[in-house]
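Reader: I would like to learn how to read the features of a protein model with care. Could you take me through them one at a time?

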Amino acid sequence: MARSTLATLYSTHQGKLSDKWSSYISIYERLFSELKIKPLRILEIGIQNGGSLEIWAEYFPHATYIVGCDINEACRELTYDDHRIHVVVGDANTDQVEDAVVSYSQKFDLVIDDGSHRSSDIIRSFERYFSRLEDGGLFVVEDLHCSYWAEFEGGLFSPTSSVAFFKRLADVVNHEHWGVPDARTALLESFAKTYGVAFDEKVLAHIHAVEFLNSVCVIRKKMPADNRLGTRVISGQGVIVDAGPLALRGSGPPQFDQSGNAWSKLKPLPEDELAGLRVSARDLEAALAVRTAELRDARKAALYADIRSNVVQSHVHQLRGRLSEGAREAQQLFEALQTLRTHTSTLESVLNLRQSQVDEIFKSTSWRVTKPLRWVGLQKRRVARAAKLLPALSQRAGGFSNLARRGVQVLSQSGLRGLRNSIRAVEEEELGLKSSPAPDTFTSGTDPFEDIARQIYASQQAELAPREILESISRFEQKPMISVIMPVYKTPVQWLARAIESLQEQFYDNWELCAVDDCSPTADQRKVLEQYARNDPRVRYRVLERNSGIAAASNAGLEMAQGKFIALLDHDDELPGDALFWVVDAINKNPRVDFIYTDECKIDDTSERRLSDFIFKPDWSPEILFNSMLTGHLTVYKKDAVDALGGFRSQFNFSQDYDLALRMAEVAREIVHVERVLYLWRSIPGSAASGGKDFARESNIAALDDALVRRGIQGKAKPLPHVNYVEVAVPKTVKVSIVIPSDSFKNLKLALNAILGKTDYPNYEVVVVCNGPLAEQLEDEFRSSPHIVFLPYNKKYNFSDKCNEGARAATGEIVVFYNDDVFPAQSDWIEKLIEYLSISGVGGVSPKLLHEDETIQYAGMISGTPGLCGTAYNNLPREATDSFLSMHKYVRNVSILSGACCALKTEVFWRIGGFDPINTPDGHSDMDLSYKLLDAGYRCVYTPHAVLYHIGNHSWGAKAVKYKADIYALKRWGRTFRKIRISRIR
């Protein structure tokens, strides 16, 4: 006996799993209750675990056939005791599967489509199986909410979604009222073309009703005669208002010709016409973009033609001066040459005299008499030299007896000269070895930067003798245990062994290794771990039962760790012997430290152990971590801080260390950079060091995006070829004031035209600070531009004071100080320049500045050059790549902004006191402003994503005369030149 309701069946069902939305159960109770007593034939498309077929069998006790169809091959395993239930496996929208379905019943009374929910499958199933539905039957489509998602070929306004299709069927029901002679199929042509189906006019005439509910559509089928409006039924005789209806008794519906109604034309269909219009719009937009680009290029060409003309005139003047100076130098060189000729002649005379004296000595009797004594002295020196080499020769030959035999062999084969040459070769090699600080790592290469880097590493390794290191360790107040976390998976065993041995070679011995084998497919790795653990109690390991990923393996190591600090070591890398010593040295010098990172380099897999790709990192730089995992190796964390964060996160596998660094940067009390190469990153095929893990880039971007959300930064991480880029959303409501201090009509005219022609940002003003007559002249020139304001300044020229006056007159929330010889290289330069000012702690930003020849003029500054400071990467090509990460491509913290172009929040500018017109009136004003920002706890940021041209030049040369600003800067900021620390992120 069937239970009374579907709700009861679903609440008590214990058989195969069935999955339906709760609203469907009440909908189906209303629709299906009157069918329970009928001998139904049921088809359900999409049965998953098959539980719904059992429920239909119980709910419809008189059903004769219940056929389920599913594309999943696993459904072949579904079996039923009820002989009425049949399962067909395959794509319901193929002829072969349709034949299998109708082999059980040619017609059905109820069809339920719970298949893929993709619009194409739904519409194809309707076209194929609605014709198999008996008149009086129901065709039910489930989960139409998917029709609003692109993932299921839909969208709210998609003209070919399944919901759009069923909406169109409502018009098919009302076909007799269209007023145009088109067939029902004409209304469905776009769906037919899109999904490759052919609708039958006769079948469509059987659609009686289309009912929409939440995520469900029900189509009722009846004979065409039952689907017409019918005739007017007039009942009653009393007529008080309108007697007209009496004449309409028994008449059919009115017919109005709508062939002239633009809204009733089916050709083209609205969706086809819309698609055509969109294509046309895209073509027009593309053409407009091309024309706009051509116009901008033309304007830029004209602008820079003016600039070049100005620069060429300046260069011609300089060349003329140099030519005159060259003529003077040539005359001086000629005079010096004459002097040298005279000196050479004198030297030749002296040389001839000395030669005649030597000849007389060789011919003398005393020289001949003392020849035996000189021979004895020579042999004595040779014997002494051989005695020094004897231990080395013996060691190389494997003992004195082997050395003697080898000497006799060489003497018999090559004679006395051969023996002498062999000894000399050993002597030269020994001398060379003694003068080389690191023979196994100092192979000269073709890259001079690499050679310099190897020299730095060698000098670091030679700085302290082993005895000095051990004495320092004995004096440490803190000697914390360092737990080294090492996930292991399919590691070449020789490199796994080398990684462990590099730990055992550490001068600082209070460490433990927490190695976790992430279920490597062979036992080789665990055998190595077992061997080392057996001989060294500091080596501990664990083997996971299944492969869980690098984050899970790292967390397993974290659980094993007993130390106060954890260090991260990859399974095929190694540490120099002094690595942990310098880490613990940093811990003792910085008791509040939670996060330590060091410099690193790569090491190859050859016997030469060649080092390359040195990464000498800056001190803590929060913004640089936006670009990549720059803290990298070796990284050491306070364990309780990592535990508090929840350890490593598996959703960021292969960038789990980057994700942890980003999170630790937000909570660490102090972050310390140890300026030493303390990690050797193995470069072997398949390793990240050799570039073998491209898939890590996706999780890298995901980790950075997560950090932006966590920090409340309205931005998006984007992968660029060289680095990541955090693009921060800039509200157009923020007003930007551009302050230009200048008294040059020509320069100002060029600069203002460049800004007006090359700026997309709408909400800006330009405050020009210049002398009164020039202000009046330029006001007439730029009267039509609402963006430009002229501020007369008639005092003696003072760059800092002019900038301050311009900032006082500015009305923007952000102020940009801008030289008159700077020109934008991109139209979104303001957005890119100011985007990082919205990040907490950032005080000022400067862009990448280029010379006119596309070489770099500014990409950060270096303190301590002959002129106190000098621009980094000056005169290198715009996209130059170097051996040290090409940092001009990185958003990063810098010590000094460029006075030629820098942006600050107006409120921050005044909080630090603005420019100093007393001490830096016309020199070092940008350096002084930048150091004041750093001194107040703000960070200065360089961004390569805003690019402008700076036609002016910057010199590194020391000045012949020291100006007042030089002396002031040295007194005020002398300590800052030696060490600049950037505050950590909050």
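Author: What follows goes from the whole chain to single residues and their partners. This is a predicted model, in which local features need pLDDT of at least 70 and side-chain atom pairs count only at pLDDT 80 or more, while totals for chains, interfaces and linings use all residues. Residues are numbered from 1 along each chain as its sequence is written, and side-chain values use heavy atoms, with hydrogens and water left out.

Reader: How many helices and strands does the protein chain have?

Author: Helices (H or I, at least four residues) and strands (E, at least two) are DSSP runs, numbered from the N terminus. By that reading the protein chain has 28 helices and 29 strands.

Reader: What share of the residues counts as buried?

Author: Buried means under 20% relative accessible area, exposed over 50%, and partly exposed in between, with a 1.4 Å probe and protein chains only. Of the 986 residues in the protein chain, 48% count as buried.

Reader: Is asparagine 893 buried or exposed, and which side chains does the side chain of asparagine 893 meet in a polar contact?

Author: A polar contact is a pair of N or O atoms within 3.5 Å; within protein, one must be able to donate a hydrogen and the other to accept it, and residues adjacent in sequence count only if both atoms are side-chain atoms. Asparagine 893, which lies in strand 27 (residues 892-894), is buried because its relative accessible area is 10%. Its side chain makes polar contacts with the side chain of serine 621 at 2.6 Å and with that of glutamate 623 at 2.8 Å.

Reader: How should I read the salt bridges?

Author: Side chains of opposite charge can pair when their charged atoms come close. A salt bridge is a side-chain nitrogen of Lys or Arg within 4 Å of a carboxyl oxygen of Asp or Glu, and the structure holds 53 of them. One of these joins arginine 454 to aspartate 451, with the closest N and O atoms 3.0 Å apart. The two residues are separated by about one helical turn, because they are three residues apart in helix 13 (residues 448-462).

Reader: Which parts does the pair of lysine 832 and glutamate 727 tie together?

Author: The side chains of lysine 832 and glutamate 727 meet in a salt bridge at 2.7 Å, N to O. Lysine 832 lies in helix 25 (residues 829-834) and glutamate 727 in strand 17 (residues 724-728), so the pair ties together parts that are 105 residues apart in sequence. Lysine 832 counts as buried at 12% relative accessibility, whereas glutamate 727, at 25%, counts as partly exposed.
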